Amino acid sequence: MFDYDAILNSLLNPKLNKQQLGKLVQIQSQQFTSERKNLKENYSNEDLISAYTAFYFPTNAYKLDFLFSQLSEESLSAISETTIIDIGCGPGTYTYAAANLLPNAKEFIGVDESELMLKQAKKLNDEYFKEDRVFFKNRVPQIENSTLIFGNSLNEMGMKAAFKLIKNLKPKFIICIEPGTKEVFKEVLELRRKLLNLEYKVNYPCMGQGRCPLQETDDWCHQSIKVSLDYELESLSQVAKLDRKVMPATIHLYRLSDENKPVVENEARLIRLKRIVKHAYLWEVCTIENKIVSLEVPKKLFKKKMLKQLDAISSGIKLSYTIDKELENSTFRVKEIEVEID
Ligand SMILES: C[S@@+](CC[C@H](N)C(=O)[O-])C[C@H]1O[C@@H](n2cnc3c(N)ncnc32)[C@H](O)[C@@H]1O
């Protein structure tokens, strides 16, 4: 999505080599995944910020690209008419990703409490992006008609503070792109419940507005975004021993709305790629009635070229299907199917 060499040249410390960056990324990743007590230490010096920017900035950006690929033209143009506010923007991950993906939007504001992150974000603009639609601030501006993006920041700032901010700003759209873990999913589910009690509708990933079928279960729903990376970035991920070619994420989109979307009965969201067997794909989908259904999708329904694409799809895409018959284990064999791939 971005020019990776240009990013490396615009790090706060551009002199760090791949081995040094890889080591710093490993330290950060440990903080993000297991320790989580002193997260602010991850952003406490220029070397750590540079490592975050070299590794997470270009890879996380693909998650917004994925979400936008799942939205209708109407949704994208409605988002383009708002001011995009990226809360906890870090080096400007979703600020720049959104600016890249929404050429018609007029203003993008990245907000972060870390001055060093903001310094990094601005350096990227001065030296690489040169975007005059992008601004950075250390406080959330009081702007009407906004889209709020929480990118790996909801779980850092806390749900309570985030919800207060939402109630105060009443954004038209709320985008959450958070880690794809069970713990984060349960927190986002709580936010979903609260937002549906206000005037929000969930536009992604749920196909229906009802209760999530995974509420009060031990299971969770997330998306796995599959990407191919720049050679240098992939080699940094090998040094850091962290895979970024398949990225689990909890991605949700809410829209302030009093109108009901037309319901398309046989549409569903692919929530889990269970297995590929010789003759079929075994997928789990969540339906418009918020029911989880296991599908056996015969490969013979697709052309050869499509099969190649299907082997590499990300969970989180939309499909519509009709049922042939019920098999054992509450699995349904599909008769006809349409899968939305870019
Ligand atoms: C994991 S980073 C995410 C950066 C970027 N959004 C991304 O996904 O790549 C979390 C960011 O949230 C910021 N942050 C945490 N709590 C915050 C708060 N209450 N207000 C503003 N920023 C906050 C941190 O300083 C940090 O830059």
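**From the whole chain to single residues**

Of the 342 residues of the protein, 54% count as buried, where buried stands for under 20% relative accessible area, exposed for over 50% and partly exposed for what lies in between, with a 1.4 Å probe and protein chains only. The model is a predicted one, in which local features need pLDDT of at least 70 and side-chain atom pairs count only at pLDDT 80 or more, while totals for chains, interfaces and linings use all residues. Residues are numbered from 1 along each chain as its sequence is written, and side-chain values use heavy atoms, with hydrogens and water left out.

The secondary structure comprises eleven helices and 13 strands, these being DSSP runs numbered from the N terminus, with H or I over at least four residues for helices and E over at least two for strands. The radius of gyration is 20 Å, close to the 20 Å that the globule rule gives for 342 residues, so the protein is as compact as a globular protein of that length; the radius is taken over C-alpha atoms, and the rule is 2.2 Å times the number of residues to the power 0.38. Along the principal axes, the C-alpha trace spans about 60 × 45 × 40 Å. Among contacts with a separation of 6 or more, 73% are made by residues 24 or more positions apart, a contact being heavy atoms within 4.5 Å.

The accessible surface comes to about 16,800 Å², and carbon and sulfur atoms hold 48% of that surface; such areas come from the Shrake-Rupley method with a 1.4 Å probe, and for residues only the protein chains shown count as cover. As for charge, the mean positions of the 49 positive and 48 negative charges are 3 Å apart. In that count Lys and Arg are positive and Asp and Glu negative, with His and the chain ends not counted, and each charge is placed at NZ of Lys, CZ of Arg, CG of Asp or CD of Glu.

Strand 10 runs antiparallel to strand 9 (residues 267-276), to which seven bridges join it; two strands are said to pair if DSSP finds at least two bridges between them. Within that pairing, arginine 272 has glutamate 284 as its bridge partner in strand 10, and the two strands form a hairpin with three residues between them.

Strand 10 also pairs with strand 11 (residues 292-298), again in the antiparallel sense and over seven bridges, and here alanine 280 stands opposite proline 298. The hairpin of strand 10 and strand 11 has four residues between the strands, and asparagine 290 there takes a positive phi near 60 degrees. With 8% relative accessibility, asparagine 290 counts as buried.

Most residues other than glycine have a negative phi, and most peptide bonds are trans. Lysine 130, although not a glycine, has a positive phi of about 50 degrees. Lysine 130 is found in the loop between helix 6 (115-129) and strand 3 (134-137) and, at 61% relative accessibility, counts as exposed. A cis peptide bond, with omega about 5 degrees, joins tyrosine 204 and proline 205, and proline 205 lies in the loop between strand 6 (200-204) and strand 7 (223-226).

Two further residues can be followed through their surroundings. Proline 14 sits in the loop between helix 1 (4-9) and helix 2 (18-35) and is partly exposed, its relative accessibility being 43%. Residues up to four places away in sequence not counted, proline 14 touches Leu8, Asn9 and Lys123, and its C-alpha atom is separated by 9.1 Å from that of aspartate 47, 33 residues apart along the chain.

Valine 246 belongs to strand 8 (residues 246-256) and, at 36% relative accessibility, is also partly exposed. Valine 246 and serine 224 are 22 residues apart in sequence and 6.1 Å apart in space, C-alpha to C-alpha. Leaving aside neighbours within four places in sequence, valine 246 is in contact with Ser224, Ile225 and Lys226.
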